[in-house]
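Have a look at the structure first, then read on.

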Amino acid sequence: MSFRIRPDKDFTEEFKGVACEQLDAAIEQLQRKPDGLHAAVHNMRKRLKRVRSLIRLTEKVAPDAASNENARFRDLAKSLSLVRDATALIGTVEKLQEQAKMEDAQAALSRVKDQLIKRRDHLAQTVSDVDSLSRTITQLQQGRDTLACLNFPSSSRKNARMLAKSWRRTTKKAQKALLGCHQLSSDDDFHRLRKRTYDYRLFHLLLRDVWPSAMKAKYDVAKGLVERLGFVNDLAVLSTLLDEEPHLVSSNGDVSFLLDAIITARQENRQTALKDADRLFSDDADEEAERIELLWRLAAET
């Protein structure tokens, strides 16, 4: 089953199919680790993000259960975030290295990357414990069982209203975060924009059957924006790491090259991200939600 909810099918079965498929895949990754622990953790976190977006899209039907399971999956992802962040920072420095024009800067960033690899491998030992992974898998299974028990109205009109409310709420949160990015331009504002854009992107993927061409076009823009905002966030995390673990980069020269690269990349990517976000969230949130409600009802009733 693909990551979609089809309007002409039973909503409850569609929801359970999507949720269980994602969680089953996350559990299998942690159990088998086919490509190693780092890849398994990354895959699991990606699956949990998808499930959390699904929950946000449908949470009005069972708000208490949705809140509890959203918190469960958030905490599980957070418990393994050290490995993810450590791995992502390696990729971030690799991007900076590719963009560096001076050989001295490239060499400095290469040395920084080597230190980050050592740090990542050390941190990975903290989550490779069998008992720790076993507890994570148990929590995933319990969350899966809870979501598999949820039931939704059979009325396409009620489900359409539910989807429209969630769509409106997420869009307005994204627009509020975008306004904050323009006014304050803090790392937290860009992080909030990224999270809500991630949901917005997956909403288009989940409901793409109501208008495939239009939904795909906006999904593609949102996907690119999420990736750029993710890079901006990783740059902020890398900058914070330098403050918290100054011993990580022992050479002052290497620190200077790294900070210069971070500042330049952050400014450039923030500016581009804001332009893309302005276009993506230019529509009125209420009007867009009304269109989603109407499109869902038409697709479900034909």
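A pocket here is an open set of points on a 1 Å grid over the protein atoms alone, where a 1.4 Å probe fits, with protein on both sides within 12 Å along at least five of seven lines; lining residues have an atom within 4 Å of a point. This is a predicted model, so local features need pLDDT of at least 70 and side-chain atom pairs pLDDT 80 or more, while totals for chains, interfaces and linings use all residues. Residues are numbered from 1 along each chain as its sequence is written, and side-chain values use heavy atoms, leaving out hydrogens and water.

**Second largest pocket**
- Its lining has 24 residues, and H42, K49, R84, R194 and Y198 sit nearest the centre.
- α2 gives the most to this lining, with eight residues.

**Largest pocket**
- This one has about 940 Å³ of space.
- Of its 31 lining residues, R45, H191, R194, K195 and N233 are the closest to the centre.
- The largest share of the lining, eight residues, comes from α8.

**R45**
- You'll find R45 in helix α2, residues 37–58 (helices are DSSP runs of H or I, at least four residues).

How values were computed: Helices (H or I, at least four residues) and strands (E, at least two) are DSSP runs, numbered from the N terminus. Grid points are joined across faces, edges and corners, and a volume is the space filled by probe spheres set on the points.
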